[in-house]
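Look at the picture first, then read on.

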There are 2 protein chains.
Amino acid sequence: MDSQQQFLKISEEAKDLFLPHLSTDTVIFGFDQNELKVLLLQMTYRKQWLLPGGYVKKDEDIDDAAKRVLKERAGVSDVYLEEFGVFGKNKRSEFYFEDFEDSLWHKQRFVSIGYYALYNPDNANLIVDEFSDKCEWIYLSKLSEIEFAMDHREIIEKALLTLREKISYKPIGYNLLPEKFTLSELQKLYETILDKQLNRGNFYRKIKNLGILRKLDEQRRGGAHKSPDLYTFDDENYKKALENGLTNW
Amino acid sequence: MDSQQQFLKISEEAKDLFLPHLSTDTVIFGFDQNELKVLLLQMTYRKQWLLPGGYVKKDEDIDDAAKRVLKERAGVSDVYLEEFGVFGKNKRSEFYFEDFEDSLWHKQRFVSIGYYALYNPDNANLIVDEFSDKCEWIYLSKLSEIEFAMDHREIIEKALLTLREKISYKPIGYNLLPEKFTLSELQKLYETILDKQLNRGNFYRKIKNLGILRKLDEQRRGGAHKSPDLYTFDDENYKKALENGLTNW
């Protein structure tokens, strides 16, 4: 069965199963090699890359739909998804199915609800679903080299902007770093999210002042330089800072 | 024509005109008498209060729909709307139209896109549309006394939370205060958004340090106390602070 036939077959089922006009797309950020990366799919019938996205069942809460889709399409579960934006331009997917028949359910207009999550890539057992050829982490620095379907590049950029704003009033790192990390690794995470270099002394002072770190009686061994101290997040204080925010008026 | 008949008539038109399952609801905040207030409607057939909300035309961008709805239902235009959340629980409006026939288009499941705006209430020429009895500003302190339709109280609370987070990394006040204001009035605005008292000295120091204020050679006269200095926002620096954010890592 070619992809035209495959799609027309599921088109009929989709019509009964899902709400029309509504989809979810999720931006999963991971941190690795001192760089942010994002989880993307490539489908069997199209070489452009896509976020793991899908549709909303007729009786399903939107948040549940986003979680189910992520699990079905990428194998990622147990992740806290946060809605960050709606992508509702009338013609946002105008050309995506242009080589398919007009009767295809998937060819209608979709308003997509964007979710994002911070995820430790070590925890991922990625899968490839029946519609996809690939499900991969792609580093942010490589995104300019690939072609995206529809407005998915814009969705990632909006998610990054949201993350950048968030870092100014919430602690970040819990789901992105391993349990034990150095201050230098934490600084790299902040630098990659903010897309700028930070002064080491200032960063160390500010991050310690937040009270969310606990210094361990261990050092990272094996590097060329002096073995740096390892830290972990203080669960209780981190949670408090998440709830109350970092900035005080 | 009673409201059942009126609704069944527009139900047929709505089906042709709008996307199913999608609506917008907008929270307009104003500041007055040192307190925040929000714009609400009361419809002819129901005593519960509602946000100005409506549907999305089949070929209309979502953002444009929210603007059109706000203008049609409340007479408010020229306002910058920001999307802040999606309200997509399956049964969020389950009982709202329960006394209407099942064939009513409006009785289907709707996922609502929430927008909010900060608006100077002096600029409003409120209207009441054909479906509404009232369109009024209600102070936040009075919201606990009124009954809301569906999840509209929750939508307002989420908008307030968004505003509270925003105030930690963006300047706020431009569309809420008159052109000339005292530092005490600006402090009251921050206090009402943050829902807590601020130390006067700390607040004055911090807000001046942002560089977004310009002191005028004028004082507010007529009060019982010493006439306080008037300030205005420095357009250029305010805009820069909006773009770059207030907090620096």
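## A loop residue and its contacts

N120(A) touches N175(A), L177(A) and P178(A), not counting residues up to four places away in sequence. Contact here means heavy atoms within 4.5 Å. N120(A) sits in the loop between strand 6 and strand 7 (132-139) of chain A. Helices (H or I, at least four residues) and strands (E, at least two) are DSSP runs, numbered from the N terminus. N120(A) is buried, with a relative accessible area of 13%. Buried means under 20% relative accessible area, exposed over 50%, and partly exposed in between (1.4 Å probe, protein chains only).

The model is predicted: local features need pLDDT of at least 70, side-chain atom pairs count only at pLDDT 80 or more, and totals for chains, interfaces and linings use all residues. Residues are numbered from 1 along each chain as its sequence is written, chains are lettered from A and ligands numbered from 1 in the order in which they are written, and side-chain values use heavy atoms, with hydrogens and water left out.

## Chain A as a whole

Chain A has 6 helices and 9 strands. Its C-alpha trace spans about 65 × 40 × 25 Å along the principal axes. Of the 249 residues in chain A, 54% are buried. Take the contacts in chain A between residues at least 6 apart in sequence: 72% of them join residues at least 24 apart.

UniProt lists residues 19-164 of chain A as "domain: Nudix hydrolase", in an unreviewed entry. UniProt positions are given in the numbering used here, feature names are shortened, and annotations may be inferred rather than shown by experiment. Over residues 19-164, chain A is 18% helix and 36% strand. The end C-alpha atoms of that stretch are 33 Å apart.

## Strand 6 of chain A

How many residues of strand 6 (residues 111-118) of chain A are buried? The count is 8 of the 8, so strand 6 is largely enclosed by the rest of the structure. Both faces are covered. V111(A), I113(A), Y115(A) and A117(A) are buried on one side. S112(A), G114(A), Y116(A) and L118(A) are buried on the other.

Now look at the partners of strand 6. Two strands pair if DSSP finds at least two bridges between them. Strand 1 (residues 18-32) of chain A runs parallel to strand 6 of chain A, and 8 bridges join them. Strand 5 (residues 82-87) of chain A runs antiparallel to strand 6 of chain A, with 5 bridges. S112(A) in strand 6 is the bridge partner of S23(A). F87(A) also stands opposite S112(A).

Helix 2 (residues 62-74) of chain A holds A66(A). Is A66(A) buried or exposed? A66(A) is buried, with a relative accessible area of 0%. Leaving aside neighbours within four places in sequence, A66(A) is in contact with T24(A), T26(A), L81(A) and Y115(A). A66(A) and G114(A) are 48 residues apart in sequence, yet 8.8 Å apart in space, C-alpha to C-alpha.

Helix 4 (residues 183-194) and helix 5 (residues 200-209) of chain A pack at an angle of about 100°, with their axes 11 Å apart. Axes are lines fitted to C-alpha atoms, for helices over the stretch in contact, and angles run from 0 to 180 degrees between N-to-C directions. Helix 4 and helix 5 of chain A are therefore roughly perpendicular to each other. Angles of 65 to 115 degrees count as roughly perpendicular, under 35 as roughly parallel, over 145 as roughly antiparallel and the rest as oblique.

Helix 4 of chain A brings L183(A), S184(A), L186(A), Q187(A) and Y190(A) to the contact. Helix 5 of chain A brings R200(A), F203(A), Y204(A), I207(A) and K208(A).

## Chain B

Strand 8 (residues 213-219) and strand 9 (residues 229-233) of chain B pair in the antiparallel sense over 4 bridges. L213(B) stands opposite F233(B) in strand 9 of chain B. In strand 9 of chain B, 4 of the 5 residues are buried, so that strand is largely enclosed by the rest of the structure.

Phi of N34(B) is near 60°, and phi of D78(B) is near 55°.

| Residue | Phi | Relative accessible area |
|---|---|---|
| N34(B) | near 60° | 37%, partly exposed |
| D78(B) | near 55° | 80%, exposed |

N34(B) lies in the loop between strand 1 (18-32) and strand 2 (35-43) of chain B. D78(B) lies in the loop between helix 2 (62-74) and strand 5 (82-87) of chain B.
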